[in-house]
Amino acid sequence: APSMTRVREVIVVEGKYDRIRVLSAVDALVVETDGFGIFRDKEKAALLRTLARERGLVVLTDSDAAGFVIRDHLNGLVPPEQIRHAYIPECPGKEKRKAAPSREGLLGVEGMDSTVILAALRRAGATFSEGSVEGEQMQGRQKITKLDFYEAGLTGAANSSVRRAHLLERLGLPHRLSANRLLEVLNALMDCSAFWELIGELFTEKERCEEAN
């Protein structure tokens with residue numbers, strides 16, 4: 001596979017089609033606000049705060065009024081030094097997927113091509129590194145894999161969901177986060193050896209508590 005441009009910061013978009021679009025342009029952790037859903041979703045807000053603290057956020061919403069309402073809301077959630085804003089140009093048109101254009105008749109993030117998305121991220125001051133995930137492994141940063149999850153009992157065991165819940169609680173992450181999303185977030189926060197250290201600490205603590213009760 002050709003190596004993709006990686007972005008260190010977590011990219012925040014409005015919806016799943018935006019997420020798919022951004023992931024075809026860069027290798028990054030991309031989180032959706034689910035449109036205005038972020039206003040009600042306290043867990044998603046907590047997740048974004050954690051990610052902002054660890055990696056920083058780059059907000060890439062549509063250039064319409066709704067996109068700016070979401071940006072303002074995110075500005076209120078995290079300290080200013082942890083958030084950057086990337087803007088796409090105002091292009092009239094509609095996405096093929098949609099029956100009708102948006103209210104303001106502008107293309108959203110999902111309607112932009114990769115060069116436009118890359119340019120927007122560069123202007124926002126996102127941190128780029130060339131090379132693939134495999135390249136990063138060669139530099140001694142071992143990624144956490146699905147096999148690690150399985151070996152840690154976070155998937156495939158009778159009590160996996162309980163173990164995942166303990167881990168999510170420790171990291172201050174939403175309990176609804178799927179195993180795949182959790183894997184992405186953990187790879188954003190730590191490398192493999194730090195992961196195993198955390199698992200070791202967490203589960204000896206839990207087991208001691210359970211024996212005591």
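Trainee: How do the residues that line the second largest pocket divide into nonpolar, polar and charged?
Mentor: This is a predicted model. In it, the second largest pocket holds about 280 Å³ of space. Of the 21 residues that line the pocket, the closest to its centre are Glu14, Asp18, Asp62, Lys98 and Glu110. The lining as a whole divides into 7 nonpolar, 5 polar and 9 charged residues.

Trainee: Which element supplies the largest share of the lining of that pocket?
Mentor: Two helices, α1 (16-25) and α3 (65-77), each supply at least two residues of the lining of the second largest pocket. The largest share is 3 residues, and it comes from α1.

Trainee: How many helices and strands are there in the chain?
Mentor: The chain has 213 residues, of which 47% count as buried. Among contacts with a separation of 6 or more, 63% are between residues 24 or more positions apart. The elements of the chain are 9 helices and 6 strands.

Trainee: Which element has the lowest mean pLDDT?
Mentor: The chain averages a pLDDT of 85, and 88% of the residues score at least 70. Over residues 132-139, however, pLDDT stays under 50, and the model has 9 contacts beyond four places in sequence for them. Where pLDDT is low, the predicted coordinates should not be read in detail. Strand β4 (residues 57-59) has the highest mean among the elements, 97, while the lowest, 44, belongs to helix α5 (residues 133-138).

Trainee: Is Arg6, the partner of Asp27 in a salt bridge, buried or exposed?
Mentor: The closest N and O atoms of Asp27 and Arg6 are 3.0 Å apart. The pair links distant parts of the chain, with Asp27 in the loop between α1 and β3 (30-32) and Arg6 in strand β1 (residues 6-7), 21 residues apart. Because its relative accessibility is 14%, and the limit is under 20%, Arg6 counts as buried.

Trainee: Glu184 forms a salt bridge with Arg19; which helices hold the two residues?
Mentor: In this salt bridge, the closest N and O atoms are 3.2 Å apart. Arg19 is buried, with a relative accessible area of 15%, whereas Glu184 is partly exposed at 31%. The two residues are 165 residues apart in the chain, Glu184 being in helix α8 (residues 179-189) and Arg19 in helix α1.

Trainee: How far apart are the closest N and O atoms of Arg170 and Glu201?
Mentor: Arg170 lies in helix α7 (residues 160-171) and Glu201 in helix α9 (residues 192-212), 31 residues apart. Arg170 is partly exposed, with a relative accessible area of 34%, and Glu201 counts as partly exposed at 37%. The structure holds 4 salt bridges. In the one between Arg170 and Glu201, the closest N and O atoms are separated by 3.6 Å.

Trainee: What is the phi of Asp34?
Mentor: Asp34 is found in the loop between β3 and α2 (42-54). Its relative accessible area is 55%, so Asp34 is exposed. Most residues other than glycine have a negative phi. Asp34 is not a glycine, yet its phi is positive, at about 60 degrees.

Methods:
Residues numbered from 1 in each chain as written. Predicted model: local features only at pLDDT ≥ 70, side-chain atom pairs only at ≥ 80, totals over all residues. Heavy atoms only, no water. 1 Å grid on protein atoms, 1.4 Å probe; cavity = no way out; pocket = protein on both sides within 12 Å on 5 of 7 lines; lining within 4 Å. Points joined across faces, edges and corners; volume = space filled by probe spheres on them. Helix = DSSP H or I, 4+ residues; strand = E, 2+ residues; numbered from the N terminus. Nonpolar A, V, L, I, M, F, W, Y, C, P; charged D, E, K, R; others polar. pLDDT = per-residue confidence, 0-100. Contact = heavy atoms within 4.5 Å. Salt bridge = Lys/Arg side-chain N within 4 Å of Asp/Glu carboxyl O. Buried < 20%, exposed > 50% of the residue type's maximum accessible area, 1.4 Å probe, protein only.
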